[in-house]
Amino acid sequence: MEFLHTYFNLIPVSLAQGAVYAFVALGVMIPFRLLSLPDLTAEGSFPLGGAVAAAMLAGGSGIASAILAALLAGALAGCLTALIHLAFKVTSLLAGIIVLTMLFSINIRVMGKPNTALFSHDTLFTAFLGADGGAPLTQFALLAVLLLIVCGALHWFLLTELGLGLRAVGSNQMMARAHGLSTRAFVIAGLGLAGCLAALGGATMSQYQSYADVNMGVGVLVIGLAGTILGEAILGRDTLLRQIAAPVVGSLFYFQFVAMALSLGFKPSDLKLLTGLFVLAALGAPILKARLDRRAGSPRP
Amino acid sequence: MTDAHGQAGVHVSGLRKTFFPGTVQEKAALNGVDLDLAAGEFAIVIGSNGSGKSTTLNAISGELQLDAGKVVVAGQDMSRLPAHKRARFMARVFQDPMQGTAASLTIEENLAIAARRGTVRGFRMGLKRTERDGFRAALEVLGLGLEDRLSDRVALLSGGQRQSLTLIMATLKAPSLLLLDEHTAALDPRAAELVLDATLQAVKGRSITTLMITHNMDQAITHGDRLIMMHDGRVILNLGRAEKASLTAADLVARFHDVVSDRMLLN
C-alpha cells in the first residue's frame, strides 16, 4: 500500500517529465527508425538546446526567440554529425560521439558557465500557466498540446514528397538514388531534423526545471531509445502514425515505470542502470525467444 | 528524341576504370569501353564474370566514379553528374530483387516515388489519391494481383514480385535509358520468365532505349536489336539486328572462344 500511495503521488510529475522527454525520444526515433542510421548526437543537442534557451532567456530574450534559437542550434548539431559522417566516411555513431563531445565545451561557452538558473525569468510555463509555472498536471496538458502540434507537423511532413523521400533513403539508399533522391542531402536534413527535436526537448527541459546544466544530457539517448522501444511494443509500427506516436506514448509509459521504481525504494541514481537493463532486455528478447523456440521446436531423439 | 547533332540515344566512349590502383589487388576493370545505341534500341550485353558488364552499367548510372570516359544520354553529357541527377534520364533494375524497392514503404509509396523520378521534390503530398488508378493499371499488366495490395508493405512480397514491381517502377515514367543488370538471374525460372515478359512488354511497346545484361545465351539471341559481348573490360563483339538474326547459341560460344583465343595469341 505504501508503494501505491507513493506512486499515485508521483503520477502527475512523471507524466510531465515523460512529455518533456518525448521530444528527445522523437529526435532519437528519426535516425534510428526512419533513416536506419544510429546516431547519438541527441546526448549533445539536448543540453545544447537547453543551454541556448536558458542563456537567451537569462539574457532577456523572449520565450519564442529562445526556443527558435535552440531549434536552430540543434539542427546545426545534427547536420554537423551528418556532414562528418558523409565527408570523412566515419560511422554515424562515431561522428555523433565526436559532435556531442565538442558540444560539451560549446554548451559551457554558450552559458558562460556550467549552468544557468531561470528561477527569476519568464518561461514557457510561467507564460501560459501563471507565475508559479503551474501544477504538474496542467504542465502536462500544456506539453501534450505542444507534442500534438509537433507530431502533427512531423506526420504531415513525412507524407510530403520530401518526407517520403526521407523514408525511402532510410529504407534503401540504392533505390533512392535510382529514383533521383540525393541520399546525402536527405541524411543531412534528417539528422538536422532529429537535432531540432532533441534541442526542443532540452529547451523545454531547462524551462520546466528553470535550470540548464551542461550535464543534463547524460543518458538522454538511452531514455529516448527506451521510450521508442516501449512505445513500439505498445503501438507497433505498422503505420506512419504509430511510428510517430510510439516515442511519445513510450516516453510517457517509461516515466511511469521510473516512478514505480522510485516508489519501490530505488534511488534516482539507480535509474540509468535500470534503463540500460530495460533497453538490453528489449533488444535481447527477440533473439532469446528465437533461440528458445528453436530448442522447443527441434525434434527429440 | 532525335536532335540536330545526331545525339539521340546513348553514346558511351572511352570508359576506363582501375580498382585499387597502385596496390597488389590492382585490377583494370574497364579498358576503354565504347558503345552506341540508337534511340529505342534494345541492346543485350553478355560476357563472362569479371568482363566488365556490371561495371559498365554502374559507370553509366553514376554509381561508380570513372577514371576516364564520357556518357551521353539523349544529348546530355552525364559524365559529371552524380547518380541521383542521372536518374532524370535513366532508370535501373538490379540483380538483387531487394535493391530496387524500399521494403519498409508500401507498394503505392514506392510507385509514387518512381512516378516522381526526375522531378524536384517539394512539400506537395508524396502520394495523391488520384494516382492510385494509374498505379493499379500499371500493376495489372503483371497479372500478380499486386494491384489489389497497394497499401501492403513491399517487405511482404516475394523476390519475383519485388523484381516485377521494380520493373514497373523503372518504366512508370519512360526513361531515356533503361539499365537492366541481370535482373532475372536471382529469380526462380517461372518468376524469371514472368519478369522477362514484363520487360519485353514495357520496352517494346514504348521504344525505350535499353541496355540489358544477361548470362542466358538463349535470351541474348532471341531478344533485342543489338548483341554486345564484353571481355577483359572491352567490347569484343557488337552485332546489329541483321548480323544477329542468323546466330545460334553455339555460334555465339564459338565466336567468344575465337575472339578470346585470338586476343590471347596476340598478347
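1. First, a term: buried means under 20% relative accessible area, exposed means over 50%, and partly exposed is in between, with a 1.4 Å probe and protein chains only. By that rule, A:Tyr254 and A:Phe255 are both buried.

2. A word on the ground rules. This is a predicted model, where local features need pLDDT of at least 70 and side-chain atom pairs count only at pLDDT 80 or more, while totals for chains, interfaces and linings use all residues. Residues are numbered from 1 along each chain as its sequence is written, chains are lettered from A and ligands numbered from 1 in the order in which they are written, and side-chain values use heavy atoms, leaving out hydrogens and water.

3. Now the rings. Rings of Phe, Tyr and Trp (its six-membered ring) pair if their centres lie within 6.5 Å; planes under 30 degrees apart count as stacked, over 60 as edge-to-face and the rest as tilted. Over all chains, the structure holds nine aromatic pairs. One of them, A:Phe157 with B:Phe123, is tilted, at 6.3 Å centre to centre and 50° between the planes. A:Phe157 sits in helix H6 (residues 136–159) of chain A and B:Phe123 in the loop between helix H3 (107–115) and helix H4 (132–140) of chain B, so this pair joins two chains. Helices (H or I, at least four residues) and strands (E, at least two) are DSSP runs, numbered from the N terminus.

4. Are the two partners buried or exposed? A:Phe157 counts as buried at 18% relative accessibility, whereas B:Phe123 is exposed, at 52%.

5. Back to A:Tyr254 and A:Phe255: they make an edge-to-face pair, 5.1 Å centre to centre with 90° between the planes. Ring pairs also tie them into a cluster with A:Tyr21 and A:Phe46.

6. On to the sheet in chain B. It is open, with six strands in the order E6-E7-E8-E3-E9-E10 and mixed pairing (two strands pair if DSSP finds at least two bridges between them). Strands E6 (90–93) and E10 (234–239) of chain B are at the edges with a single partner strand each, so one side of each has no neighbour in the sheet. Inside chain B, E7 (residues 177–181) and E8 (residues 210–213) pair in the parallel sense over four bridges, and B:Leu180 has B:Met212 in E8(B) as its bridge partner.

7. Finally, which residues does B:Leu139 touch, leaving aside its neighbours within four places in sequence? It is in contact (heavy atoms within 4.5 Å) with B:Ile107, B:Leu111, B:Leu146, B:Glu147, B:Leu150, B:Leu165 and B:Ile168.
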